[in-house]
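Here are some notes for a colleague who is opening this structure without having seen it before. They are set out as numbered points, to be read with the model in view.

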Amino acid sequence: MLKTLRSLFGPGSGGPTPAIPAGNRVYAVGDVHGCLAQFNLLIAAIEADDAARKGADTTIVLLGDLIDRGPDSAGVVVAARALAARRKVRLLMGNHEEMMLDALQCTEVLKHFLRYGGRETVLSYLADPAAYHLAEIDAAQALFRAAVPPEHLAFLQAMEDQIAIGDYLFVHAGVRPEVLLDQQRVADLRWIREPFLSHRKSFGPVVVHGHTITDKPEVRPNRIGIDTGAYRTGRLTALGLEGTARWLIEAVTDEQGAVSAASRTLA
């Protein structure tokens, strides 16, 4: 496995090896989707990894989709806010955060939101789920709006669309090929799959993204996808970057439901 990861992450792409600026370290965390146990353990593993390395200006980038599908979206938002209060954290807005914010204002969006994982988010915020199950859509929206703390809304609304650090660009979903990075549509940054995923040419920086689930991190010369489907597979993945080095840290749930963390250090 380690040999395979070395081959995936090795320079071998024919161009300069992408790098993070000297003195900096970055950890990018894939789509959490309400999986609080995996998120807490992964963050603990990241902080331990960071402490074990030489001092650096460390940034943790959350790639978006903190919410929906998994069992405790409200708890993940609480944990992410606590992390941002003690560490340098930057957050990208995913398509699910976008839907949640729109769903609080529009019942038609709420209907769509509930069908695509939002129901779990609503229930994670409500003190009385039975009232939600009995409610019509307008009443359900009112219950949801009343249950989400203002500080959570402000936290989600402040999320960024793209983050550039050194030779890497961090986005939730991807970018549209052949479009200048400062001219990308927000909808593409949060929602795109094709033609981004199949594009083989350089985007300029290496794009680090989530949004599209793969069985293992998908590493290509022009992009790195780290959404390993935490809500479905129990595997939440982070990518570590420093200088030209890259490594993985994962929180993995076994068949008995126990969560453990593992680091895969690369040459």
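1. Contact, as the word is used in these notes, means heavy atoms within 4.5 Å. The model is a predicted one, and the points below should be read with that in mind.

2. I would begin with helix H4 and helix H5, the latter covering residues 107-125, whose axes come within 10 Å and cross at roughly 90 degrees. Angles of 65 to 115 degrees count as roughly perpendicular, and H4 and H5 are therefore described in that way, as roughly perpendicular to each other. On the H4 side the residues that meet H5 are His-96, Met-99, Met-100, Asp-102 and Ala-103, while H5 brings Val-109, Leu-110, His-112, Phe-113, Tyr-116, Thr-121 and Tyr-125 to the contact. Sorted by class, the contact of H4 with H5 has eight nonpolar, three polar and one charged residues.

3. Helix H4, which spans residues 95-103, also packs with helix H8, residues 150-157, at an angle of about 130 degrees and with the axes 10 Å apart. That angle makes H4 oblique to H8, and the crossing of these two helices is left-handed. Here Glu-97, Met-100 and Leu-101 of H4 meet Leu-153, Leu-156 and Gln-157 of H8, so that, by class, the contact of H4 with H8 has four nonpolar, one polar and one charged residues.

4. Which residue forms a salt bridge with Arg-90? The partner is Glu-160, whose side chain meets that of Arg-90 with a distance of 2.7 Å from N to O. This pair links distant parts of the chain, 70 residues apart, with Glu-160 in the loop between H8 and S4 and Arg-90 in strand S3, residues 89-91. In the whole structure, a search finds 17 salt bridges.

Note on methods:
Residues are numbered from 1 along each chain as its sequence is written. This is a predicted model: local features need pLDDT of at least 70, side-chain atom pairs count only at pLDDT 80 or more; totals for chains, interfaces and linings use all residues. Side-chain values use heavy atoms; hydrogens and water are left out. Axes are lines fitted to C-alpha atoms, for helices over the stretch in contact, and angles run from 0 to 180 degrees between N-to-C directions. Helices (H or I, at least four residues) and strands (E, at least two) are DSSP runs, numbered from the N terminus. Angles under 35 degrees count as roughly parallel, over 145 as roughly antiparallel, 65 to 115 as roughly perpendicular and the rest as oblique. A crossing is left-handed if the near helix is turned anticlockwise from the far one by less than a right angle, and right-handed if clockwise. A salt bridge is a side-chain nitrogen of Lys or Arg within 4 Å of a carboxyl oxygen of Asp or Glu.
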